[in-house]
Amino acid sequence: MRFDPSPSRHAKARPNCKLSSPHLQPPRPVCKLPRSGCRLWADLVAERAGLQADLQRARLHAAFLDSLTNTYDQHIKILVDEVAVLPDNAALEQQFATAVAALQQAGCSGPELAERLVYHACHPTLVDTIAREGLRLPSCDLCDSGIKKSRHDAGWFGIHTKGVYVSKHADYTFYYCNERKVRPDDTGAVIMLKAVTGRAKYFGRRAPGAIEPTAGYHCHEGSEHLEHYIFDPAQMVPVAVVHWRAIDSPRAGIVHAGQQ
């Protein structure tokens with residue numbers, strides 16, 4: 001009998017028949033967006049990221065304005081020129097997480113571990129370094145030598161080489177931008193940080209001066225609850241730099257008619 005190659009003489013391939021080897025399977029169709037669709041998706045992602053950045057900037061802007069107290073002069077108004085939100089810093093965030101874990105192991109809880117916004121002002125030449133590298137314990141030749149000078153500010157409730165002073169009120173720190181009270185037409189920059197205080201030692205209305213950090217605590221708290229002296233700078237991470245300016249505000253200090 002001769003072999004007939006015609007398909008009619010043999011079983012036809014079944015519709016659901018699969019090839020035995022997975023490598024021989026026909027490629028599956030790949031759904032691809034047209035170029036216009038890809039551009040649209042990328043634009044949507046970029047727009048969403050931009051909106052989130054704008055929302056974060058608006059929140060920090062509002063927090064800054066809410067912190068102002070007219071500390072030095074009721075007839076001076078503080079305006080915001082720019083809120084420069086800082087990029088995430090993985091190294092500082094890791095140090096912060098390690099510091100928080102250490103506070104938890106030390107028995108801190110509740111408000112002692114609650115994140116809060118605080119402010120630190122310094123000489124303009126140091127702002128970029130602190131924003132990039134975080135706060136560090138300063139060195140002081142006068143404090144290290146033990147020399148006493150009447151005009152030397154070694155600290156009101158903690159020696160300034162063993163901790164960092166921050167305040168919950170931005171304008172309370174503005175004095176340290178120019179080493180004097182704020183005046184109309186002054187400009188400056190203040191660093192906004194997220195912080196956890198840990199266990200705070202409060203001294204009441206008595207300012208103990210440039211003392212050593214108190215054992216068993218993680219910070220000292222000022223007499224008016226306006227400042228914290230935090231022993232470990234790792235408990236703080238810079239989140240923004242706020243550029244401000246001061247103007248003369250004749251509307252400040254207005255009282256109700258008949259009460260002057």
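Ala58 is found in helix α1, which spans residues 35-67. Helices here are DSSP runs of H or I with at least four residues, strands are runs of E with at least two, and both are numbered from the N terminus. Ala58 is partly exposed, with a relative accessible area of 42%. On this scale, buried means under 20% relative accessible area, exposed means over 50%, and partly exposed lies in between, using a 1.4 Å probe and protein chains only. The C-alpha atoms of Ala58 and Val83 are 8.5 Å apart, although 25 residues separate the two along the chain.

Please note that this is a predicted model, in which local features need pLDDT of at least 70 and side-chain atom pairs count only at pLDDT 80 or more, while totals for chains, interfaces and linings use all residues. Residues are numbered from 1 along each chain as its sequence is written, and side-chain values use heavy atoms, with hydrogens and water left out.

Helix α1 also holds Ser67. Ser67 is buried, at a relative accessible area of 5%. Setting aside neighbours within four places in sequence, Ser67 is in contact with Tyr119, Lys168, His169, Ala170 and Asp171. Contact means heavy atoms within 4.5 Å.

Ser167 belongs to strand β3, residues 164-167. Is Ser167 buried or exposed? Ser167 is buried, with a relative accessible area of 1%. A polar atom of its side chain lies 2.7 Å from the backbone oxygen of Leu226. A polar atom of the Ser167 side chain also lies 3.0 Å from the backbone nitrogen of His169. A polar contact is a pair of N or O atoms within 3.5 Å; within protein, one must be able to donate a hydrogen and the other to accept it, and residues adjacent in sequence count only if both atoms are side-chain atoms. Beyond four places in sequence, Ser167 touches Val118, Tyr119, Tyr172, Thr173, Leu226 and Glu227.

Let me place these residues in the whole. The protein has five helices and eight strands, and along the sequence they follow the pattern α-β-α-β-α-α-β-α-β-β-β-β-β. Of its 260 residues, 33% are buried. Among contacts between residues at least 6 apart in sequence, 74% join residues at least 24 apart.

How many disulfides does a search of the whole structure find? The search finds zero disulfides, a disulfide being a pair of cysteine sulfur atoms within 2.5 Å.

Finally, the cavities. A search of the whole structure finds two cavities of 30 Å³ or more. A cavity is a set of points, on a 1 Å grid over the protein atoms alone, where a 1.4 Å probe fits but cannot get out, and lining residues have an atom within 4 Å of a point. The second largest cavity holds about 40 Å³ of space. The elements giving two or more residues to its lining are α2 (90-105) and β8 (236-248). Helix α2 gives the most, with three residues. The lining residues include Leu92, Gln95, Phe96, Met236 and Val237.

Notes:
1 Å grid on protein atoms, 1.4 Å probe; cavity = no way out; pocket = protein on both sides within 12 Å on 5 of 7 lines; lining within 4 Å. Points joined across faces, edges and corners; volume = space filled by probe spheres on them.
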